[in-house]
Amino acid sequence: AAELQSLLDDVVDGGFVPGAVLSVSLPGRAPWSAASGIADRDAERAMAPDTPVRIASVSKMFTAVVVLQLVEEGRLALDEPVASWLPDSVPGGDRITVRQLLQHTSGLYDYLEDRRLIGEMQRDTSYEWQPQDLVDYAARFPQRALGRWDYSSTNYVVLGMLAERVAGQPL
């Protein structure tokens, strides 16, 4: 426990994140949780093991599982163009396949690379960005080479939209 706490403290001391929470669960052992750093700079509130945190890119795993379940059920094909389901939603959607979205080889620009958007999101935290808003924002930028790996959150926004369309329910 002391070694894990030290590692967690080192991550926070590195300055990349102001606070972090770590939980470890192993079969046959009691779960362990700890925190380091601060949860709220303005209120000077310390991070605690039960502090809510954003799930962020961890949601990509869940999205991929749902999409692959739809493939397994025969409702979606990996090499199907996304325009089959989202005809006017994705630039180049007639060339981009489900597989390419999953593999980050679609060429879609990652909206999170634009610092202006990040600033806008931080200024107005009450605004709920819709998936199509994010895809449209990313479309303002040139697409990367189709087939070349380039991590892009936009891919998984599109996959979420696709899963909702195919399944007929919210992701």
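**Pocket, packing and cavity**

Colleague: Happy to start with the pocket: which helix gives the most to the lining of the largest pocket?

Modeller: This is a predicted model, where local features need pLDDT of at least 70 and side-chain atom pairs pLDDT 80 or more, while totals for chains, interfaces and linings use all residues. Residues are numbered from 1 along each chain as its sequence is written, and side-chain values use heavy atoms, with hydrogens and water left out. Helices (H or I, at least four residues) and strands (E, at least two) are DSSP runs numbered from the N terminus. Elements giving two or more residues to the lining include β1 (19–24), β2 (32–40) and α2 (59–72), and the one that gives the most, with six residues, is α6.

Colleague: How much space lies in that largest pocket?

Modeller: On a 1 Å grid over the protein atoms alone, a pocket is an open set of points with protein on both sides within 12 Å along at least five of seven lines, a cavity is a set where a 1.4 Å probe fits but cannot get out, and lining residues have an atom within 4 Å of a point. The pocket lining has 44 residues, with Arg54, Ile55, Ala56, Ser57 and Leu112 nearest the centre. Grid points are joined across faces, edges and corners, and a volume is the space filled by probe spheres set on the points; for the largest pocket this comes to about 2000 Å³.

Colleague: How are α2 and α6 oriented to each other?

Modeller: Their axes, lines fitted to C-alpha atoms over the stretch in contact, with angles from 0 to 180 degrees between N-to-C directions, come within 10 Å and cross at roughly 40°. Angles under 35 degrees count as roughly parallel, over 145 as roughly antiparallel, 65 to 115 as roughly perpendicular and the rest as oblique. So α2 and α6 are oblique.

Colleague: Which residues of α2 meet α6?

Modeller: Contact means heavy atoms within 4.5 Å. On the α6 side the residues are Ser153, Tyr156, Leu159, Gly160, Ala163, Val166 and Ala167. Those of α2 are Lys60, Thr63, Ala64, Val66, Val67 and Leu70.

Colleague: And what is the volume of the largest cavity?

Modeller: The count comes to one cavity of 30 Å³ or more. Among the residues lining the largest cavity are Pro91, Leu108, Tyr109 and Phe141. Its volume is about 50 Å³.
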